[in-house]
Each structure stands twice: as structure tokens, then as C-alpha cells.
Amino acid sequence: MGIVISRLQKKDLREAQKLLRDTILDFDFFPLRERREDARDDAAGMAKNLSSRDWDFLVAKSDGRIVGLFTAYMRKSTYWIDWIVTSREARRSGVATALMREGEKLARRKSRSMMGDVAKRNRASIALLNKTGFRKVALYKDYVHGRYEYFFEKKLR
Ligand SMILES: CC(C)(COP(=O)(O)OP(=O)(O)OC[C@H]1O[C@@H](n2cnc3c(N)ncnc32)[C@H](O)[C@@H]1OP(=O)(O)O)[C@@H](O)C(=O)NCCC(=O)NCCS
């Protein structure tokens, strides 16, 4: 798939928010009530943080349409991935890997360490993190909504 990765522009915010919302609502491992809450809050967070210096938003486009999204932020000298998402139709064609590669370039300018957390049952994302060089460092047993989450880290220096 031919994709172009760029920073999210304000004009594309709605399309990116829709991809994020649809993806969260589509999860089969959280109750619907929690998914609705997360979809609403995380889409609103994108709008709020778009111009923040602490945040990075990357999109992957194919034929002008957003097919992937990477969002991350700096907190206490660590670069945290918030979301990495590929639209259903575009999965397993390297979109997330390409976004991760570009995200890592941004992370290297700011931090020695890149972290991501992922629901224990999210096999696709865990496989992606393993494949892109992250290592599992912790299991958090009472994360948001009491979820079991793995924390992954990639040391950058
Ligand atoms: C996780 C996700 C971002 C992967 O996106 P993608 O663009 O399909 O990933 P890639 O094509 O770059 O795949 C890279 C590797 O990840 C792993 N992988 C991706 N999807 C997988 C799946 N469904 N099952 C097992 N491994 C998977 C594989 O190792 C794959 O390499 P391969 O295709 O050579 O075997 C995508 O499935 C998604 O958007 N899921 C919903 C959102 C989400 O859970 N995000 C992560 C939480 S922040």
C-alpha cells in the first residue's frame, strides 16, 4: 500500500477523530459503556492537544484518506505512545510499522525511552510492539476502568 506520513493538520482533525472513535468503539475487549467514554474523551483530547508542544500527531494517508494514526506525548522525560491505529481495511500492510518508524524519529529527538501501554488481550498490538523492538516491562493490574494493561518500553539510547 502506498502511504504518505505527515503531521496531522487541523483541516484533517475530524477525519482523524473519526478513525480513533470508530477504532475504540470496535474493540471487543472492553464493555460498550467504557468504549463510548474512551472514544468521546480521546477524540476530544486530540482537539485539545493538537497544538501542544508536548504532543505529536502523525497520520498515514493513502489516496488522500487517513488510514493510520499515531499520537504520543512527553511526560517526565519519557515519550509515551497514546494511540497507534490503522483503519480496518488497511491492516496488515505495514501502516502501523511505518507510523512507528516515524514516531520513533520524533521520540529520539526528545527522549531516551519510548513507552506504550496495551490491554492484556490486545494481541495485534502486543505483536506489533514486539516486532518493532519494544520489550514488556510491567503488568499493571488495576489500570483505567480496572483493566489489565501491559507496559512496553523501547530504549532509544
Ligand atoms: C495494532 C494495529 C495498530 C496494527 O496495525 P497494522 O497496520 O495492521 O500493523 P502492521 O501491518 O504494521 O503489522 C506489523 C506487525 O504487527 C503484528 N500484527 C499486526 N496485526 C496483527 C494481528 N491481527 N495479529 C497478530 N499480529 C499482528 C505482526 O507481527 C505484523 O507483522 P506481519 O504482518 O509481518 O506479521 C491495528 O491492528 C489496530 O489499529 N488495532 C486497533 C487499535 C489498537 O489496538 N491500537 C493499539 C493500542 S494503542
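The exercises below examine a predicted model, each with a solution in steps.

Residues are numbered from 1 along each chain as its sequence is written. Because the model is predicted, local features need pLDDT of at least 70 and side-chain atom pairs count only at pLDDT 80 or more, while totals for chains, interfaces and linings use all residues.

**Exercise 1. Determine which residues of helix H1 are buried and where they lie around the axis.**

Step 1. Helices (H or I, at least four residues) and strands (E, at least two) are DSSP runs, numbered from the N terminus. H1 has 14 residues and reaches 20 Å from its first C-alpha to its last, close to the 20 Å expected at 1.5 Å a residue. The expected span of a helix is 1.5 Å times one less than its number of residues.

Step 2. A residue is buried if 20 or more other C-beta atoms lie within 10 Å of its own, exposed if 12 or fewer, and partly exposed in between, with C-beta atoms placed from the backbone. In H1 the buried residues are Ala16, Gln17, Leu19, Leu20 and Ile24.

Step 3. These residues cover an arc of only 160° around the axis, which puts them on the same side of H1. The arc is that of the directions from the helix axis to the C-beta atoms.

Step 4. The buried residues of H1 pack against H2, E2, E3 and E4. Contact here requires that the C-beta atoms of two residues, placed from the backbone, lie within 7 Å.

**Exercise 2. Describe the largest nonpolar core and the contacts of leucine 20.**

Step 1. A nonpolar core is a set of buried Ala, Val, Leu, Ile, Met, Phe, Trp, Tyr and Cys residues joined through C-beta atoms within 7 Å.

Step 2. The largest such core has 27 residues, and those with the most contacts inside it are Ala16, Leu20, Val59, Leu69, Ile84 and Leu99. Two or more residues of this core come from each of helix H1 (13-26), helix H2 (32-49), strand E2 (55-62), strand E3 (65-75), E4 and H3. Another core, of five residues, lies apart from it and includes Val118, Phe134, Tyr150 and Phe152.

Step 3. Neighbours within four places in sequence are left aside for leucine 20. Its contacts are then Asp42, Ala43, Met46, Leu69, Trp83 and Val85.

**Exercise 3. Characterise the shell around the ligand.**

Step 1. The ligand is surrounded by 20 residues, the closest being Thr86, Arg91, Ala96, Thr97 and Ala127. A residue is near a molecule or strand if its C-beta atom, placed from the backbone, lies within 6 Å of it.

Step 2. Strand E4 (78-86), helix H3 (95-110) and helix H4 (123-131) are the elements that give two or more residues to this shell. H4 gives the most, with six residues.

Step 3. The shell divides into nine nonpolar, seven polar and four charged residues. Ala, Val, Leu, Ile, Met, Phe, Trp, Tyr, Cys and Pro count as nonpolar, Asp, Glu, Lys and Arg as charged, and the others, Gly among them, as polar.
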